[in-house]
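Here's a quick tour for anyone meeting this structure for the first time. Have a look at the chains, then read on.

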2 protein chains.
Amino acid sequence: MAGEIWQKIGEGFVQEYYNQFDNTNRMAIANLYSPNACLTWEGSAFQGKEAIANKLASLPFKMIKHIITKQDFQPTIDSCILIMVFGQLKADDDPPMAFHQVFMLKSQNGGWACTNDVFRLGVHNIPV
Amino acid sequence: MAGEIWQKIGEGFVQEYYNQFDNTNRMAIANLYSPNACLTWEGSAFQGKEAIANKLASLPFKMIKHIITKQDFQPTIDSCILIMVFGQLKADDDPPMAFHQVFMLKSQNGGWACTNDVFRLGVHNIPV
């Protein structure tokens, strides 16, 4: 299904999202979200553009770089686009860490907005 | 948002999915999917219950065990439930491997069916 329109839209979103995250003011990323979007960041939930912008702006690092390992895209029966990203990130002087992130995009007002975002670092529970 | 109804439905699905995957005939898992569900398994796309059942049945191991590290749930504006699972799996005598998997559930015919499933092993590209 390579080359489908939803895949191209998804790839464009992923490129824009991490480019803005790594290279510009993280507050501006909020413009990629729908007004009532949901973000779950390491298990904590945030709803709405402002809450999401504040959360992203509050993350405790100055420099960050994401490197994408894999990205998958699917259309949904409600005409949304489901995206799963797997990669590594490097924050400040910390060692690289795996992460995975899911986005859902919906067509709104002539463009595509992110309605759902779930982020996790790839750190397993330590067995006790 | 713990204890929300969509979270409980999501948790029930995750428990049933991996229980069936690990302990019963994998062909039976197809009953958890909607008729036109999409599965993307390590980058390969399959659509429909039969194609998904055949893919899952063809996986080249006899014994498998999934251990969930994290599971996140979100409601969507189209009344679906988005699920992101992160964990480890052990297949036959192979060493444990990380995996992550996304499901989307939709209410259909009085129950909840999986309309979207994206699976990836947690293996990064090897830099060249």
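Let's start with a pair of side chains: Asp72(A) and Arg120(B) meet in a salt bridge, 2.7 Å from N to O (a side-chain nitrogen of Lys or Arg within 4 Å of a carboxyl oxygen of Asp or Glu). This pair crosses between chains, running from strand β3 (residues 64–75) of chain A to strand β6 (residues 111–121) of chain B; strands are DSSP runs of E, at least two residues, numbered from the N terminus. Asp72(A) is buried, at 6% relative accessible area, and Arg120(B) is too, at 8% (buried means under 20%, with a 1.4 Å probe and protein chains only).

The structure is a predicted model, where local features need pLDDT of at least 70, side-chain atom pairs need 80 or more, and totals for chains, interfaces and linings use all residues. Side-chain values use heavy atoms, without hydrogens or water, residues are numbered from 1 along each chain as written, and chains are lettered from A and ligands numbered from 1 in written order.

Over all chains there are 4 salt bridges, including these:

| Salt bridge | N to O distance |
|---|---|
| Asp72(A) and Arg120(B) | 2.7 Å |
| Lys106(B) and Asp78(A) | 2.9 Å |
| Asp72(B) and Arg120(A) | 2.7 Å |

Lys106(B) sits in strand β5 (residues 97–108) of chain B, while Asp78(A) is in the loop between β3 and β4 (80–91) of chain A. Lys106(B) counts as buried, at 16% relative accessibility. Asp72(B) and Arg120(A) are both buried as well.

Conventions: Helices (H or I, at least four residues) and strands (E, at least two) are DSSP runs, numbered from the N terminus. Buried means under 20% relative accessible area, exposed over 50%, partly exposed in between (1.4 Å probe, protein chains only).
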